[in-house]
Amino acid sequence: MNAISRIAFTIWCPCYMAIYRPTSVSVHTLKRPAPGPVSLTVFLLPTHQPLHPSHVCHPIQTEEHFLAMNDRHRLPGEFIKQSKNGYATLRLSGQDGQSSYPVYGLGTSVQGHVDVHRTEGVTSVEVQIEGILKLEQVAGGGTTTYKLCWCKNILWVKDRLRDLPCPNSSRFTLSLPTTFSDGEKTFPLPPSYEAHLSGLPGFRAYIHYALTAQVVKPDDVPNMVKSAFLRKDDWAIATPVLYRPRSRPPAAIPPPLVTHPHYGLTETIKWKAAASTILANGCGQGIIVKLHLPTPRIFCVQQPIPFYISFHASSVSLAAFRPLAPFTCPSVWKMQITRILLMRQTSVDICNAFMLGTKSDMWTVDCIGEAAFKHIGEGSDWLAYSGEVFIADHITLGGFRAGGLSVRDCLVLTVNPTDLIVSPFKEMRMVVPIQFTTDRWIEDGPGLTLYGPGLEIASGELDFPHELPYQ
């Protein structure tokens with residue numbers, strides 16, 4: 001699914017009208033409605049329950065559960081890479097032998113061997129792992145680099161007194177930290193990630209981890225006659241490392257909601273409703289709309305997001321709303337007026353400064369999923385649908401925050417009439433923050449969120465202030 005490269009939102013005072021103004025759109029075309037008041041609701045998540053410092057979601061677990069969950073997924077194979085001259089080999093255990101890069105999770109140790117096939121003249125064998133977060137502003141000249149981790153292990157050094165030869169194989173273990181600090185705050189160690197915003201100004205952001213094994217051998221040939229085939233890096237072995245913390249929802253998807261002929265969906269504590277109002281375009285009555293999502297709003301990225309949506313008003317208002325209601329036929333989905341989009345915001349704050357009273361950070365918003373609807377019932381004063389939000393296949397990670405980089409996800413419910421002048425209802429937009437995990441919920445598995453802030457911590461931050469201002 002293609003992404004919206006950039007979305008700017010214009011606020012018209014004093015009516016506070018927010019309008020999508022995309023620079024390039026594909027797959028899902030966002031229409032530009034005529035100017036008019038917009039009903040906008042942004043829901044923040046509850047802050048009533050504190051979190052364990054290691055950002056564990058309910059039920060709270062100890063750090064041993066973190067490490068055990070990742071250790072259980074260690075593979076029996078090896079990742080193997082040789083040096084350019086073929087005289088040294090790096091072997092990493094617990095990997096998929098067919099993978100292009102080694103993969104590690106939260107708190108796991110990097111274990112392996114460095115094999116030296118020609119030991120004559122070797123003076124030391126070293127291995128190190130390093131992680132960096134780099135934020136670059138295109139055409140702005142600003143660059144910020146954070147060192148996420150750095151760990152070095154000297155496996156062998158030549159003893160000049162004993163003059164023992166270098167061993168043919170040296171075993172090593174490097175430990176990855178679980179957190180890092182940018183000098184002001186401490187964050188969970190972020191996953192490998194890349195993002196960019198094209199254009200001027202723009203940005204590039206990436207989180208890279210790399211493992212390097214170095215076999216040190218003094219030069220046997222004077223520098224004046226050194227050949228390009230006798231470089232020191234011929235003995236070095238470097239490989240990117242993918243850091244992928246695993247996580248699991250704290251609870252299963254609850255049982256489905258049922259409808260009642262008099263008042264619609266029967267609400268339960270396992271399905272939390274976010275409510276807003278679709279204002280009438282005149283003197284008519286507005287419509288109350290409720291979006292029901294499982295509690296808590298934490299979902300596996302491999303599964304569609306289930307939801308229910310209900311509309312409540314008088315029979316006259318519901319009859320007028322019918323042409324704007326969700327379409328259930330796949331052939332007309334592109335003509336939807338009522339839509340639920342899954343949006344991901346990646347924002348970069350390089351300078352952490354204010355310019356003319358405005359934050360100087362930049363962001364890009366991508367559409368990474370959309371909902372399909374199914375009509376499940378109606379009454380004299382209510383109309384209800386169920387559905388699922390299908391997530392793009394390339395999305396494998398949830399949101400997180402690290403230094404000046406943040407990745408946040410939300411569901412955006414919109415009602416965008418094609419012609420606001422003749423439409424009986426005004427435009428409406430409602431934003432509901434959610435969070436993703438990497439793995440599915442299982443009955444005997446710990447409910448953990450291994451990276452990114454928990455929902456309680458993020459409740460005051462996942463409001464998408466740039467794109468969706470408060471009304």
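Author: Two residues are in contact when heavy atoms of theirs lie within 4.5 Å of each other. The structure is a predicted model, in which local features need pLDDT of at least 70 and side-chain atom pairs count only at pLDDT 80 or more, while totals for chains, interfaces and linings use all residues. Residues are numbered from 1 along each chain as its sequence is written, and side-chain values use heavy atoms, with hydrogens and water left out.

Leaving aside residues up to four places away in sequence, Leu211 touches Leu90, Leu92, Val110, Val127, Gln128, Ile129, Leu174, Ile237, Ala238, Thr239 and Val241. A residue is called buried if its relative accessible area is under 20%, exposed if it is over 50%, and partly exposed in between (1.4 Å probe, protein chains only). A nonpolar core is then a set of buried Ala, Val, Leu, Ile, Met, Phe, Trp, Tyr and Cys residues joined through side-chain atoms within 4.5 Å. The largest such core has 48 residues, and those that touch the most other members are Val110, Phe172, Leu211 and Leu405. Its largest share, 7 residues, is supplied by strand S14 (residues 202–216). Apart from this core lies another, of 38 residues, including Ile391, Ile395, Met428 and Phe436. In soluble globular proteins, nonpolar side chains tend to be buried together.

The names of strands and helices require a note: they are DSSP runs numbered from the N terminus, with helices (H or I) of at least four residues and strands (E) of at least two.

Aromatic rings come next. Rings of Phe, Tyr and Trp (its six-membered ring) pair if their centres lie within 6.5 Å; planes under 30 degrees apart count as stacked, over 60 as edge-to-face, and the rest as tilted. The structure holds 10 aromatic pairs. Tyr87 and Trp235 form a tilted one, at 5.5 Å centre to centre and with 50° between the planes. These two residues are 148 apart and link distant parts of the chain, Tyr87 being in the loop between strand S4 (77–82) and strand S5 (88–95) and Trp235 in the loop between S14 and S15. Tyr87 is partly exposed at 26% relative accessible area, whereas Trp235 is buried at 9%. Another pair, Tyr193 and Phe400, is edge-to-face, with 5.4 Å between centres and 80° between planes. Here strand S13 (residues 193–197) holds Tyr193 and strand S27 (residues 400–402) holds Phe400, so that distant parts, 207 residues apart, are linked. Both Tyr193 and Phe400 are buried. Ring pairs also join Phe307, Phe311, Phe321, Phe373, Tyr385 and Phe425 into a cluster.

Arg408, in strand S28 (residues 405–415), counts as buried at 8% relative accessibility. Its side chain makes a polar contact with that of Gln345 at 2.5 Å. A polar contact is a pair of N or O atoms within 3.5 Å; within protein, one must be able to donate a hydrogen and the other to accept it, and residues adjacent in sequence count only if both atoms are side-chain atoms.

A salt bridge is a side-chain nitrogen of Lys or Arg within 4 Å of a carboxyl oxygen of Asp or Glu, and the count comes to 13 salt bridges. In one of them, Asp439 and Arg246 have their closest N and O atoms 2.5 Å apart. Asp439 lies in the loop between strand S29 (427–437) and helix H3 (455–458), and Arg246 in the loop between strand S15 (236–243) and strand S16 (259–260), so the pair ties together parts that are 193 residues apart in sequence. Asp439 is buried at 10% relative accessibility, while Arg246 is partly exposed at 24%. Glu427 forms a salt bridge with Arg429, at 3.4 Å between the closest N and O atoms, and both of these residues are buried.

Finally, strand S19 (residues 287–294) is largely enclosed by the rest of the structure, because 6 of its 8 residues are buried. Two strands pair if DSSP finds at least two bridges between them. S19 runs antiparallel to strand S18 (residues 271–278), to which 8 bridges join it, and Leu291 in S19 is the bridge partner of Ala274. S19 also pairs with strand S21 (residues 305–312) in the antiparallel sense, over 5 bridges, where Ile288 stands opposite His312.
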